[in-house]
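Thank you all for coming. I would like to walk you through one structure this morning, slowly enough that we can look at each part as we go.

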Amino acid sequence: MGRQRREATPARRGTISQVTSRPAATQHLRDLARLRSVRDRIDREYAQPLDVEALARGVNMSAGHLSRQFRLAYGSRRTTT
């Protein structure tokens, strides 16, 4: 009687979801912290017109990325009146 041959199952090590889940979660938390600081700055300087470029530079993001992430986190854009 020989050994029984087991069928190979796909390896789970090193899959994309396992490789990227922790760094993505960490980056998401960092982005949320930066967005909170942007929102705090907006609230502190409410009398000033908004300058998205300057806000983005202050947290080392591009203006487009800041706008998209702010909308995702807070559900709307901040607009000037």
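Let me begin with a definition: a residue is called buried when its relative accessible area is under 20%, exposed when that area is over 50%, and partly exposed in between, using a 1.4 Å probe and protein chains only. By that scale Tyr74, with a relative accessibility of 28%, is partly exposed.

Before going further, please keep in mind that this is a predicted model, in which local features need a pLDDT of at least 70 and side-chain atom pairs count only at pLDDT 80 or more, while totals for chains, interfaces and linings use all residues. Residues are numbered from 1 along each chain as its sequence is written, and side-chain values use heavy atoms, with hydrogens and water left out.

Now the overall layout. The chain has three helices and zero strands, where helices (H or I, at least four residues) and strands (E, at least two) are DSSP runs numbered from the N terminus. Of the 81 residues in the chain, 16% are buried.

Let us return to Tyr74, which lies in helix H3, residues 63-74. If we leave aside residues up to four places away in sequence, Tyr74 touches Leu35, Arg36 and Arg39, a contact being heavy atoms within 4.5 Å. Tyr74 and Arg39 are 35 residues apart in sequence, and their C-alpha atoms are 9.5 Å apart in space.

Leu35 also belongs to the largest nonpolar core, a group of ten residues that includes Val38, Leu55, Leu66 and Phe70. Such a core is a set of buried Ala, Val, Leu, Ile, Met, Phe, Trp, Tyr and Cys residues joined through side-chain atoms within 4.5 Å. To this core H1, H3 and helix H2 (52-58) each supply at least two residues. Among the residues that Leu66 touches, again not counting those up to four places away, are Leu35, Val38 and Leu55.

Finally, how many salt bridges does the structure hold? There are two, a salt bridge being a side-chain nitrogen of Lys or Arg within 4 Å of a carboxyl oxygen of Asp or Glu. In one of them Arg34 pairs with Asp31, with the closest N and O atoms 2.6 Å apart; the two residues are three apart in helix H1 (residues 16-44), and so are separated by about one helical turn. Asp31 is buried at 9%, whereas Arg34 is partly exposed at 23%. In the other, Arg41 pairs with Glu45 at 3.5 Å between the closest N and O atoms.
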